[in-house]
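User: I'd like to learn how to read a few features off a model. Can you walk me through them?

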Amino acid sequence: MNAVHPGLRLPRHSVRLRLTLLYVGLFLASAACLLTITYFLVDQQLPQVTTNGGVIAITGGGSGGPGAGAAAGCASSLGPLPAGPGQVTTCQLQAVAARVGRNTLNELLIESGIALGIMAVASIGLGWLMAGRVLSPLRTITAAARRISARSLHQRIAMTGPDDELKELGDTFDQLLGRLDASFRAQRQFVANASHELRTPLARQRTLLEVALRDREATNASLRTACQRALAAGEQQEQLIAGLLTLARGERGLDRFDPVDLAAIAAAAVAARHGDAETAQLSLTASIRPAAAAGDPGLAERLVANLVDNAIRYNTPGGQVEIGTGTRAGRPYLTVTNTGPVIPPDQLGRLFQPFQRMDPARRSPGGLGLGLAISSAIAAAHGADLRAVTRAAGGLAIEVLFPPLPPARSPARGERILVPAGR
């Protein structure tokens, strides 16, 4: 168990303390290496006394030089130096040079140790200040994260300074806040639109019933008509709630992937909507080729149905609707193309948002403004790419490209399929 006792609290400056200790440790290690190198270099440069052909020479050879052994041998017999300079022997000079070298190295060692101790104490303060300076941007990010709430997501950290990792972290946090702000705004707008869409049929239903009850001369026929209209308003509510549930289910994602036959689903959708197309004076054609995908069959049927219904509903008399399925580069696809009003390219993205219509005043019978939004959510849940293009003559061309099936084998019914990440 890694639980922390309630009475224990980690030091507030634990990271700063660890950085300080790290800086001090690196400084002491570097200083110790420098002093060791200096010690050996000084030792190599100390003067040594040598003789060559009766001539006494003083050279820098270090304690390990040629005269080291002679100096060690003369050290035991060294006495007081003679008064006259001419009477000083080579052995005596070597002994004096060895003694001076040892004293010099001892003094160097002591003084270097004192200097190292002083700098070690100073490095603690310098390391603490440097660690605080390094962590200053993190404190700024922490303070901003505590200050920003759901009602102040428009605020930003706006990190300044050199373009380093800490500034990149601040910019990434700002980008995250931007995405959260957009998501919160979209959710608030969605709730407002959903409330409005649900209130409209409820108000209509209540008005119909109140008018029928207040009519003292109401007949069976008038009451029956009022009830039928109230039932129609209730059916509209059911459709809207079902659409919202499907949208939520699609945005949640899929827990399992079953075999999906896009060709069979598309063929069934075309057969079921031939009558609607004839009523709307439209030409409905299909080019069905095998297209085996993986996902949720129920959601896939809703995806195809929404796209086909949208193509029929938002069309013009004498127009066309074309549906196709197949496989391209190992990926199954579904295409739905229709004629209709000209859609400005800059307004295309808005059509895939909930309750968004090109002309709010122009409501198609049965249209809830959720068809394309649900289709987009279902495609995302399947890892499919939904691409929509406006047509110059009017209408839309929509393609849904599903991820390829694993190449090993086709799965059995109910077997889970792992779709590659990133699809």
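User: Which residues in H8 meet which residues in H9?

Analyst: A note on the source: this is a predicted model, where local features need pLDDT of at least 70, side-chain atom pairs count only at pLDDT 80 or more, and totals for chains, interfaces and linings use all residues. Residues are numbered from 1 along each chain as its sequence is written, and side-chain values use heavy atoms, with hydrogens and water left out. Contact means heavy atoms within 4.5 Å. On the H8 side you have Leu299, Arg302, Leu303, Asn306, Leu307 and Asn310, and they meet Gly371, Leu372, Ile374, Ser375 and Ile378 of H9. By class, this contact has six nonpolar, four polar and one charged residues; Ala, Val, Leu, Ile, Met, Phe, Trp, Tyr, Cys and Pro count as nonpolar, Asp, Glu, Lys and Arg as charged, and the others, Gly among them, as polar.

User: At what angle do H8 and H9 pack?

Analyst: Axes are lines fitted to C-alpha atoms, for helices over the stretch in contact, and angles run from 0 to 180 degrees between N-to-C directions. Helices (H or I, at least four residues) and strands (E, at least two) are DSSP runs, numbered from the N terminus. Here H8 (residues 297-313) and H9 (residues 371-381) pack at about 145 degrees, their axes 9 Å apart.

User: How do I read an aromatic pair?

Analyst: You describe a pair of aromatic rings by the distance of the centres and the angle of the planes. Rings of Phe, Tyr and Trp (its six-membered ring) pair if their centres lie within 6.5 Å; planes under 30 degrees apart count as stacked, over 60 as edge-to-face and the rest as tilted. By this rule the count comes to one aromatic pair. The ring centres of Tyr39 and Phe40 are 5.7 Å apart with planes at 90 degrees, so this pair is edge-to-face.

User: And what about phi?

Analyst: Most residues other than glycine have a negative phi. Gln281 isn't a glycine, yet its phi is positive, about 60 degrees; you'll find Gln281 in the loop between H7 (274-279) and E4 (283-287). Ala329 is another non-glycine with a positive phi, about 55 degrees, and Ala329 lies in the loop between E6 (320-328) and E7 (331-338).

User: Is Ala329 buried or exposed?

Analyst: Buried means under 20% relative accessible area, exposed over 50%, partly exposed in between (1.4 Å probe, protein chains only). Ala329 has 80%, so Ala329 is exposed. Gln281 is exposed too, at 56%, while Tyr39 is partly exposed at 25%.
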